[in-house]
Amino acid sequence: MPRPRRLLAAVTTLAITTSSLVLSAGTASANDHYSSIESAAASNVDWMSRVPGDVTLDKLSVPGTHDSLALCGISGEDGSCEAITTSITKTQENHGYSAETLTTQLTAGIRALDIRVRVDKGEAGVSFTVHHGAFYQRANFADVLTKVRAFLAAHPRETILLHLKAECTGEAGSCSDAGGYGNDEWRRKTLRSYLEGKAYTGNGDESNPATNWSSLFWAPSVTGDSQADTPKLSETRGKIVLAGYRGVRGGIYSGYGLKVPYPGGGSNDEWVQDDYQVSDVSSIDDKWEKVRTHLRRTNGVWDLTRPGEKEHVHQPDSMYVNYTSGTGSGAHPFTVAGGTPTVTGVNEFLIQCLRGSSDRCPEFYPGRDEKFGGQPSMTRTGVIMMDFPGGGLIDEIVERNPTGPDPVDDNGRTFRGPR
C-alpha cells in the first residue's frame with residue numbers, strides 16, 4: 001500500500017537519527033521470556049477449555065500481544081522489511097503476513113489481540129487495513145477475522161478478546177485514512193459493515209453484499225448501542241469478545257465493547273496501564289515499575305511507600321489490562337521487551353515476578369516486608385499485552401488460571417450459560 005512520500009521521509013529520518021543508540025546497545029537473544037513464541041507449551045492451544053465456564057473473564061490471567069500484527073516498517077514487494085523503520089515499528093515475531101502470524105500466537109496461548117486499523121477505499125469498497133503508524137502491515141481486517149474464525153472452529157471452547165483501535169491521526173509518523181473517510185462516523189460505519197455483511201462502495205450509503213461476520217462475535221459486545229457487563233466464559237466460548245473500540249487519540253466509542261475496562265465516552269486509566277513512553281534503555285526499569293504497580297492494583301495489593309496505594313479501592317470484579325510494551329527515541333520495542341546484554345528488559349522482569357525469582361515482586365509472596373499489605377498473593381495477572389513474548393512467559397501467565405469441570409445443573413447437565 002503506497003503511503004505519502006513526505007510521511008515516510010519524516011519517519012525514516014527520525015529512525016535514522018535515533019536507531020544508532022539502540023542498535024549499538026546490543027540485541028537480546030531469544031530465550032524463555034523473549035522472542036520465542038513457538039516454544040510455548042503445546043497444551044496452551046486450548047487452555048481455556050480447562051477453565052470452568054462459570055468463571056468471568058475478569059478473573060482470568062490472559063496472555064495477549066500489543067500491536068499484534070506490527071511486523072514491518074517500509075516493506076518491499078518481495079516481503080522484505082527495511083531495517084531501520086522496522087526497528088521502530090516491529091513488536092512481534094513474524095510468522096507470516098495476511099494475519100498468518102495470529103495463528104502462531106493463538107496456538108501458543110495468546111487470547112487477547114490488539115489490532116490497529118486504517119479506513120481504506122479500494123476497488124472492493126470501504127474496508128479496514130491493519131497498520132502500525134504509517135506502515136501497512138500486509139494484512140486486512142478480513143484476514144484477522146478469517147484466521148480467528150479458523151482457530152475458534154478448531155478450538156470451540158476458547159475465547160478471543162479483541163482490542164480494536166483506529167490508528168490514523170493524519171500527523172507525521174502516523175497514517176491517514178482514505179480521503180473523505182477520516183472521521184469517527186466512517187470508522188464506526190466501517191466496523192458495522194463487517195457485522196452487517198456489506199461493503200460501502202464510497203457512493204454515500206450505497207453498499208454491496210459482503211461476508212457477514214456477526215456470528216463470530218459475542219453479540220452483546222458489538223450492538224453499537226450499548227456496552228456489556230463482563231461475561232462468564234461459558235457465554236463466550238467460540239466467540240470474539242470485542243473488549244473495546246478506541247478512536248485515534250484514545251477516545252472510546254460508546255456502543256461497543258465492555259463497560260470495564262472501556263467505558264464509552266470516559267477514561268479507562270483506572271483499569272488500563274498503557275504508558276508506552278520509554279526514552280532510553282536506562283528508563284526500562286521505570287516502565288517495569290508501572291507494570292508492577294498495575295499488577296498490585298489488579299490484585300488489591302499496596303505498597304506503603306507509594307502514596308495513595310493503600311487507600312485505593314480495589315475492584316475484584318473488574319477487568320484489568322496491563323501493557324508491558326514501550327518505545328522511545330533511545331529504546332525501540334525489541335529493546336524494551338528483551339533488554340540488552342547489560343540491561344534487563346520488561347519481559348525478563350515479568351517472568352521473574354511471576355516465578356518469584358531474583359527477589360522480584362516480593363509483595364505477592366510469603367514473608368513480604370511489612371510495607372506491603374492487602375491481598376497476600378497474586379490471584380490473577382489480568383490481561384497482559386506484550387511485545388515479543390517468549391513461550392515460557394506465556395506459559396507462566398496461562399498456568400495462573402483456575403482449572404476444573406464446567407458446573408452442572410440440578411439434572412446433571414453441563415451448564416453452558418445463556419446463548
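Pro261 sits in the loop that runs between β8 (240–246) and β9 (272–273). Helices here are DSSP runs of H or I with at least four residues, strands are runs of E with at least two, and both are numbered from the N terminus.

Before going further, a word on what you are looking at: this is a predicted model, in which local features need pLDDT of at least 70 and side-chain atom pairs count only at pLDDT 80 or more, while totals for chains, interfaces and linings use all residues. Residues are numbered from 1 along each chain as its sequence is written, and side-chain values use heavy atoms, with hydrogens and water left out.

## The overall picture

The protein has ten helices and 13 strands. Its radius of gyration (taken over C-alpha atoms) is 21 Å, close to the 22 Å that the globule rule gives for 419 residues, so the protein is as compact as a globular protein of that length. That rule is 2.2 Å times the number of residues to the power 0.38. Along the principal axes, the C-alpha trace spans about 65 × 65 × 40 Å.

Of the 419 residues, 54% count as buried, where buried means under 20% relative accessible area, exposed means over 50%, and partly exposed lies in between (1.4 Å probe, protein chains only). Among contacts (heavy atoms within 4.5 Å) with a separation of 6 or more, 73% come from residues 24 or more positions apart.

How many of the ten residues of α9 are buried? Eight are, so this helix is largely enclosed by the rest of the structure. They are Val346, Asn347, Phe349, Leu350, Ile351, Gln352, Cys353 and Leu354. These buried residues pack against α7 (284–299), α8 (333–338), β13 (382–386) and α10.

Just after α9, Gly356 takes a positive phi of about 65°. Asp359 lies in the loop between α9 and β12 (372–374) and has phi near 55°, a positive value in a residue other than glycine. Asp359 is exposed, with a relative accessible area of 65%.

## Two partners of α9

Two packed helices are described by the angle between their axes and the distance between the axes. The axes are lines fitted to C-alpha atoms, for helices over the stretch in contact, and angles run from 0 to 180 degrees between N-to-C directions. For α9 (residues 346–355) and α10 (residues 391–398), the axes come within 10 Å and cross at roughly 40°. The two helices are therefore oblique to each other; angles under 35 degrees count as roughly parallel, over 145 as roughly antiparallel, 65 to 115 as roughly perpendicular and the rest as oblique. The crossing is left-handed, a term used if the near helix is turned anticlockwise from the far one by less than a right angle, with right-handed used if clockwise. Asn347, Leu350, Ile351, Leu354 and Arg355 of α9 meet Gly392, Leu393, Glu396 and Ile397 of α10. By class, these are five nonpolar, two polar and two charged residues. Ala, Val, Leu, Ile, Met, Phe, Trp, Tyr, Cys and Pro count as nonpolar, Asp, Glu, Lys and Arg as charged, and the others, Gly among them, as polar.

The axes of α7 and α9 come within 9 Å and cross at roughly 35°, and this crossing is right-handed. From α7, the contact uses Ile284, Asp285, Lys287, Trp288, Val291 and Leu295, and from α9 it uses Val346, Phe349, Leu350 and Cys353. Here the classes are eight nonpolar, no polar and two charged.

## Buried residues in loops

Thr340 lies in the loop between α8 and α9 and counts as buried at 8% relative accessibility. Its C-alpha atom is separated by 5.0 Å from that of Ala28, 312 residues apart along the chain.

Asp67 is found in the loop between β1 (61–65) and α2 (83–89). Is Asp67 buried or exposed? It is buried, at 3% relative accessibility, and its phi is near 45°, a positive value in a residue other than glycine.
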